[in-house]
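User: Could you walk me through this model with some questions and answers?

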Amino acid sequence: MAELRLIDAINQALHEEMERDERVLVLGEDVGRKGGVFGATEGLYDRFGGERVIDTPLAESSIVGVAIGMAANGLLPVAEIQFADFIFPAMNQILSEAARMRYRSNGAFGCPLVIRAPYGGGVHGALYHSQSVEAFFAHIPGLKVVVPYHPGDAKGLLKASIRDPDPVLFFEHKKLYRMVRGEVPEGDYIVPLGKAAIRREGKDLSVFAYGLMLHEALVAAEEVAKEGIDAEVVDLRTLRPLDKETLLASVRKTNRALIVYEDNGFLGYGAELAAILAEEAFFDLDAPIMRVTGPEVPAVPYAPPLERWFMPDARRIAEAMRRLAQY
Amino acid sequence: MESKEARGVREIESRHQALGLAGEHLLEMYYYMALARALDERMWVLQRAGKVPFVISGQGHEGAQAGVMYAIDRDLDWFVPYYRSVCAVLMKGMTPRELMLSLFAKAEDPSSGGRQMPGHYGHPRYKILSTSSPVGTQYPHAVGIAYAAKVRKTGEICVVSIGDGGTSQGDWHEALNFASIHRCPVVFVVENNGYAISVPQELQMAVRDIAVRAQGYGIPGYTVDGSDVLAVYAVAKEAVERARRGEGPSLVECKVVRLTAHSSDDRQEKYRPVEELEAIRSVDPLVVFRHYLERAGIMDEAKYTEIHTRIREEVDDATTYAELAPYPDPLTATRHVYFEENGE
């Protein structure tokens, strides 16, 4: 099995799906000749040509809107939004159209569409190249939201998303693209949507995270392990539909919950996790639910000390783990 | 020596014959226009009588819609409608019963099973894409459908409709831009009735003819009198043939009149002068076309009565059927959020 980076796993999944099914096509800004600004679509243009690998005009609403039409007429489009920060012009198409196509037509029309977008901070991207936007989309019934951490997952989840009959938002943390390597099974490897993964088993407390924060949580767990705190680290992988069973089972085992997300805390994705735990696992909790999140500012600032101030990291997560373990 | 009247008939006949249309074709177009109008009027009556909460429709737009839809292959091609497309969706295959089921929001409504407001058409069997309420979003969808038709070599083209207000949306521009770059087989129709609810065209745009914008995308643009069915047909045919040949999209602007208020929640006397409302009656496409058919000797009093008797029966049947049909069960309201393995 090959050890690949996240970006390579995504590229491989795209190659394999386009090879396997001629209905699959890729569209977005710079995805063709350039192979994407991060290289996710590298090689696709040469292999499959400009008709299936479309360099679109710089207009996000029509990238998604045109993809919705393609999906209605028999294609399986994978749209790339160059940075998650630029997805908002397409919000109306995603929310009012893609998410509601099946519901509003009473099941008559579907919208098999994947929207890939690099998200997240820690890469000197400042206010408009660093955002975590998952909460906006995870809020919407009709959408599925996936955030891979492990390169193997990135391949398996992307393939599952492309084959899914409903619209999937696929957020890739851009700092993870080339940061860690992981085993990526060759060939037709699928990771089903809606299943969390326990990355580290533990008995003292549960940490729930996804994307880059999952990596930071794993580092933090090893750190506090030296002090005798045995943390369980749960990789949510799919934010909608949420794997509630794994979430609840982990808390019933450890009786302590720490939720980590990079987005600012107020009404972020983890707020819903906290609500579910409060509603359904209240009597299993030995301590208040804790969160480590980004601060309440509109976006990630640029200057290195400011960016470091913004980003939740292993050190902060470890501190929270200690507080939670001692509660 | 030929009488003046006979010469007039001959001139008129040559107009539709030059387009390859026979009398029976014109009667079919007329039938759909009159059916759309009768259904539409009934819907307003039902709303005013308190039987349904809302109506939005297309009185005055029927000529433009009939001319465009007659130019496409109604079995093969796609249509992406908007809320005034009453006549167009009927021509594409939807039945009076289906439209009335949607008005009454009944379970059997094929557009949405009673989930959407009336006027939000959609029907996979007739290749009518489901539509929403935000204006303009349908334009990129039509481009995607047309792009897929091109890639999959299905031979289909796609027609999409919108009003003049919708052309102010970014999606409208983005769609024309994308489609013209990739020469997508799509016909962009604008039914310009001069008003976006109450906002007149001069406050919507600084151009008189929307079709001039086609130049900005490097595609042909046509402005045509939407009350003249044959003129619309001629232009639409050209646009459809161009799309079919793989030469790309066209923009067809039909100048139409809005005979009713925007919707049943609007009162257009508040913002349109009385003289204007009286004047537009004279270019009612149904009146204009009836006059043409009579002068061309295609429709006489007997034919007219026959057509309208049939239509009245159909509208009555549709009304009764839809009124008696059951509402959707609230237990079904959670269905079809996502694909269902065993869904219908």
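Predicted model: local features only at pLDDT ≥ 70, side-chain atom pairs only at ≥ 80, totals over all residues.

User: How much area do chain A and chain B bury between them?

Analyst: Contact means heavy atoms within 4.5 Å, and 40 residues of chain A are in contact with 40 residues of chain B. On the side of chain A, A:Asn73, A:Tyr103 and A:Arg104 lose the most area, together 21% of what that side buries. Buried area is the accessible area (1.4 Å probe) that two parts lose on being put together, summed over both. Of the total, 62% is on carbon and sulfur atoms, and the value is about 3,300 Å².

User: How many residue pairs are in polar contact across that interface?

Analyst: Salt bridges (a side-chain nitrogen of Lys or Arg within 4 Å of a carboxyl oxygen of Asp or Glu) number 0 across the interface of chain A and chain B. A polar contact is a pair of N or O atoms within 3.5 Å; within protein, one must be able to donate a hydrogen and the other to accept it, and residues adjacent in sequence count only if both atoms are side-chain atoms. With both residues at pLDDT 80 or more, the number of such pairs between chain A and chain B is 20.

User: Which element gives the most to the side of chain A that touches chain B?

Analyst: Helices (H or I, at least four residues) and strands (E, at least two) are DSSP runs, numbered from the N terminus. The elements giving two or more residues to this side are α3 (60-72), α4 (91-98) and α5 (101-104) of chain A. With 9 residues, the top contributor is α3(A).

User: Why do the buried residues of α10(B) line one face of the helix?

Analyst: Buried means under 20% relative accessible area, exposed over 50%, and partly exposed in between (1.4 Å probe, protein chains only). In α10 (residues 285-295) of chain B, the buried residues are B:Pro285, B:Leu286, B:Phe289, B:Tyr292 and B:Leu293. The arc is taken from the directions from the helix axis to the C-beta atoms. These residues line one face of α10(B) because, seen down its axis, they fall within an arc of 125°.

User: Which residue caps the N-terminal end of α10(B)?

Analyst: At the other end, α10(B) is followed by B:Gly297, whose phi is positive, near 75°. At the N-terminal end, a side-chain oxygen lies 2.9 Å from the backbone nitrogen of B:Leu286, and the capping residue is B:Asp284.

User: How far apart are the closest N and O atoms of B:Glu62 and B:Arg37?

Analyst: B:Glu62 is buried at 2% relative accessibility, and B:Arg37 is buried at 6%. B:Glu62 lies in α3 (residues 62-69) of chain B and B:Arg37 in α2 (residues 23-48) of chain B, so the pair ties together parts that are 25 residues apart in sequence. The two form a salt bridge, and the separation of their closest N and O atoms is 2.7 Å.

User: Is A:Glu222 buried or partly exposed?

Analyst: A:Glu222 forms a salt bridge with A:Arg200, the closest N and O atoms being 2.8 Å apart. A:Glu222 lies in α8 (residues 212-225) of chain A and A:Arg200 in strand β9 (residues 197-200) of chain A, so the pair ties together parts that are 22 residues apart in sequence. A:Arg200 is buried at 15%, whereas A:Glu222, at 42% relative accessibility, counts as partly exposed.

User: What is the relative accessible area of A:Ala40?

Analyst: A:Ala40 lies in the loop between β2 (24-28) and α2 (44-48) of chain A. Not counting residues up to four places away in sequence, A:Ala40 touches A:Ile7, A:Ile10, A:Asn11, A:Leu14, A:Gly35, A:Glu80 and A:Arg116. A:Ala40 is buried, and its relative accessible area is 2%.

Definitions and conventions
Residues numbered from 1 in each chain as written. Chains lettered and ligands numbered in written order. Heavy atoms only, no water.
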